[in-house]
Amino acid sequence: MAIDSSAPAPSTAPAPVPPAPTRLSGRARLVLLVLCAAQFMVSLDFSVLNVALPVLGDDLGLSRSGLQWAITAFALPSGGFLLLFGRIADLYGRRRLFLTGLAVFGAASLLATLAWSPAAFLAGRAFQGLGAAAIVPTGMSLLTTTFPEGPLRDRALGISGTLLSLGFTVGMVAGGTLTDTLGWRSTMGLLTVAAVAVLAAAPGLLPESRTPERPRLDVPGAVTVTGGLLAVIYALSTAAEHGFGRTDVRAALAAGVVLLVAFAVVESRAAAPLVSLPMLRRRTVAFGNLGGLLTFATMSTIVFVLTLYLQEVLDLSAFGTGLVFGVQGLASVVAGVYAPKVIGRIGARRTLALSLLGQGLFLAALLSIGADSGVWQATVAVSLASMFHLGAIIAYGLTVTSGVPDTEQGLATGLVTTTQQVGLTVGIPLLGAVATAQDSLLDGVRTVIVVAAALLVVGAGAVAAGLRRA
C-alpha cells in the first residue's frame, strides 16, 4: 500500500500545559477550611492558657516553677518531634498522621480539662504538644501538596498565615474572657471541642499522600535531632524563668548542641537521611528559614514585653491589654488579604525581605513610648509591624517550599514549622530576659525594641542578598 508522502507528519511537539487554576473550587475551600482550622487551633493553644495560669495555679496547687512547666510541657514535644513527624508523614501517609495527631490532641485537651492533679494537667499538656507536633507539619504539607504552586498556593498560605497569627491574638483575648466567666478549665475545653470538630470533618475531605518509595526511616538521625531539639527547647524554656546560671540549663544546652552536631554528621553519611543536607544548602531554604526565624523570634518577644509595659508601667487592665492585641489581630487579617497579591506582583523573595524591613522599622517607632502615655502609639506601631510580620510568614513559607518536589514537602514544611517553633521558643528567653534584668522595666523594653528592630533590618539585608543569588 502506497504511503501518501503529502500527508503531514505527526507532530512531536509537547502538548500545551493547561494554565494553573486561579479559583478555589467548593471542595478545595472545605479542605482549606479544615487545614486552617487545625492550624488555628494549635496557634490558639500557644496563648489561650497564658492569662489563666495564676488562677490555674491556685486551683491545682501548682508552684511558680510548676506554672512555667505548663508552658514547657507543651513546647518540648511540639518543637522536638516536628522534623521526625514531618518525615514519617512523607513515608507512611500525611493524612493518616494528621488524623492521629488530631485524636491525640483532642484526648489530651480533655485530660487537661478534667485534670484532678498537677501531674494529670502537665501530662495533658505534654500530649497536646505531641499531637501538635503531628498536626502542624502534616497540615502544612497537605496544604502544599493539595494546592499547586501559583495563585492557589499563594492564597491558601495567605489564609493559613493569617489564621496562625490571628489564633495567637484571639487566644490572649479569649483566655481572659473564658477564665473570668467560666474558669480556667474552659480554655482547655474549647480546644477539646475544636479538635473533635476538625476530626469529624477531616476524614471525608482530605486526600492521602505519601512518597512513592518507602525507604527505611533514618533512626540515628531521628534520635539525634529529636534529642537535640528537646534539650535546646528545655534549656531555653527553663532559662526564661530561672536564667542561664542553673546547672541543668547549661547541661541541657550543651547536650543539645552536641546532639545537633552529631545529627549533621549522621545525615552526611545516611543512605536515606531524615534531612537532606543538599536541601539545607539551597539558598531559598537557608535564607527563607532565616527570615522566618527572625520574624517569629522578634514579634513573639515584642508581644511579651509590650504586655509587661502596658500592665506594669501604664497600669492597663488585662482586658485593655487584650484589646490592644485584638487590634493587632485585625491588622493581621487585613495583611492576609493583601499579602498574596503583593507576592503575586513582586515575588515571595522580595516580599520576605521587604516585610522584615517594614516590621523592623515599625518596631523602631515604639522607642518613644513613655511612662505616662503610649497606649495608642503601641497599638498603632505593633499593628502595622504585625501586618509586615504576616507578610513575612506567608513569604517565607512560599520561599522555602517552592520548587520542592511533593515527595519532600513533609521535610520542607517540617523545617518551616520547626523554624517557627524555635523562633517562638528562643525569642522570649533570650530577648525577654533583657527587659526583666534591667533596673527599669521601661528601659528594658526599649532595649529589647532596639535589638529586635536591628536584627530585623540587618536580617532583611542578609535575606535580600542571599535570595538574590539563589
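Here are some questions and answers on a pocket, a helix and the nonpolar cores of this predicted model.

Residues are numbered from 1 along each chain as its sequence is written. In this predicted model local features need pLDDT of at least 70 and side-chain atom pairs count only at pLDDT 80 or more, while totals for chains, interfaces and linings use all residues; side-chain values use heavy atoms, without hydrogens and water.

Q: Which helix gives the most residues to the lining of the second largest pocket?
A: A pocket here is an open set of points on a 1 Å grid over the protein atoms alone, where a 1.4 Å probe fits, with protein on both sides within 12 Å along at least five of seven lines; lining residues have an atom within 4 Å of a point. Helices are DSSP runs (H or I, at least four residues), numbered from the N terminus. Elements giving two or more residues to this lining include α9 (219–242) and α16 (409–437). The top contributor, with 5 residues, is α12.

Q: How many residues are in the largest nonpolar core?
A: Such a core is a set of buried (under 20% relative accessible area, 1.4 Å probe, protein chains only) Ala, Val, Leu, Ile, Met, Phe, Trp, Tyr and Cys residues joined through side-chain atoms within 4.5 Å. Phe 98, Phe 121 and Tyr 309 are among the members that touch the most others. The total for this core is 109 residues.

Q: What span does helix α14 reach from its first C-alpha to its last?
A: Helix α14 covers residues 348–364, and its buried residues include Leu 352 and Leu 356. With 17 residues, α14 is expected to span 24 Å at 1.5 Å a residue, counting one less than its number of residues. Its reach is close to that, at 24 Å.

Note on methods:
Buried means under 20% relative accessible area, exposed over 50%, partly exposed in between (1.4 Å probe, protein chains only).
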